[in-house]
Amino acid sequence: MIAVLTGDIVSSRKAPDKKWLARLSEVIEKKSSLKKAPKWTIFRGDGFQIELPEPEKALQVALIIRSGLRSVPQLFEQGIDARIGIGIGEKEFTGKSISESDGQAYQLSGGVLDSLKNDKYKLHIKTPWPEVDLAINVALQLASVVIDDWSLAESEIAWLWLTEGKTQVEMAKKLKITQPAIHKRFAGAHLSEISDLLTYYHDVVSHHTKSPKK
């Protein structure tokens, strides 16, 4: 099984220079936290699609993308963000590129993104397991509300934490601010709760994707 992330850029019309594209490329190809850069493509101007061979890491990659875009001052001021649908399932056809590949994961992911365009949330998942979808999507709705409310400073802290795993002491040194200030931003971004969500997602998806087929 694989995961496919299908997304689009929020407020892309406010950024005709498309500086978000360079940042998105950097995030996916160099900062995705994966051992190897995933296959991905841009479509319809401001849409993107990513194929991940490790479904259990899909949520972390989605959060890295959102924090990566929101942590750049110019992009934050323009309201740039990402709306992302995660699909998990089989890959039934491998084309020469992402856009030519197909299968359950691709179809589920694309359908989720279409539904999000008429929704106030920016994260959603669809898997072959309804009970998994129900539990995770309730949590993703809350996480999406939290992320929407991140300040630029909180987005920056989330970005460093998600991509580099830095401690609060290390972040304070890197950003040259006090540790209490880091702690305030860390708490304001609700990163402890997001860490619990990432662990839960990883464990549940790993269990379902790696369990022997009956």
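Lys 18 is partly exposed, at a relative accessible area of 39%; the scale calls a residue buried under 20%, exposed over 50% and partly exposed in between, with a 1.4 Å probe and protein chains only. Lys 18 is not a glycine, yet has a positive phi of about 55°. The residue sits in the loop between strand S1 (2–10) and helix H1 (19–30). Helices (H or I, at least four residues) and strands (E, at least two) are DSSP runs, numbered from the N terminus.

A word on the source. This is a predicted model, in which local features need pLDDT of at least 70 and side-chain atom pairs count only at pLDDT 80 or more, while totals for chains, interfaces and linings use all residues. Residues are numbered from 1 along each chain as its sequence is written, and side-chain values use heavy atoms, with hydrogens and water left out.

Next, Lys 176. Its phi is positive too, about 60°, and it is not a glycine. Lys 176 lies in the loop between helix H7 (168–175) and helix H8 (179–188), and counts as exposed at 76% relative accessibility.

Now the hairpin. Strands S2 (residues 39–43) and S3 (residues 47–52) run antiparallel and are joined by five bridges; pairing requires that DSSP finds at least two bridges between two strands. Ile 42 is opposite Phe 48 in S3. Three residues lie between the strands of this hairpin, and Arg 44 has a positive phi near 50° there.

On to the aromatic rings. The rings of Phe, Tyr and Trp (its six-membered ring) pair if their centres lie within 6.5 Å; planes under 30 degrees apart are stacked, over 60 edge-to-face, and the rest tilted. How many aromatic pairs does this rule give? The count is one. The centres of Trp 161 and Phe 186 are 6.1 Å apart with the planes at 85°, so the pair is edge-to-face. It links distant parts of the chain, with Trp 161 in helix H6 (residues 152–164) and Phe 186 in helix H8, 25 residues apart. Trp 161 and Phe 186 are both buried.

Last, a charge over a ring. Arg 23 lies over the face of Trp 159, 4.3 Å from the ring centre. The criterion is NZ of Lys or CZ of Arg within 6 Å of the ring centre and within 35 degrees of the ring normal.
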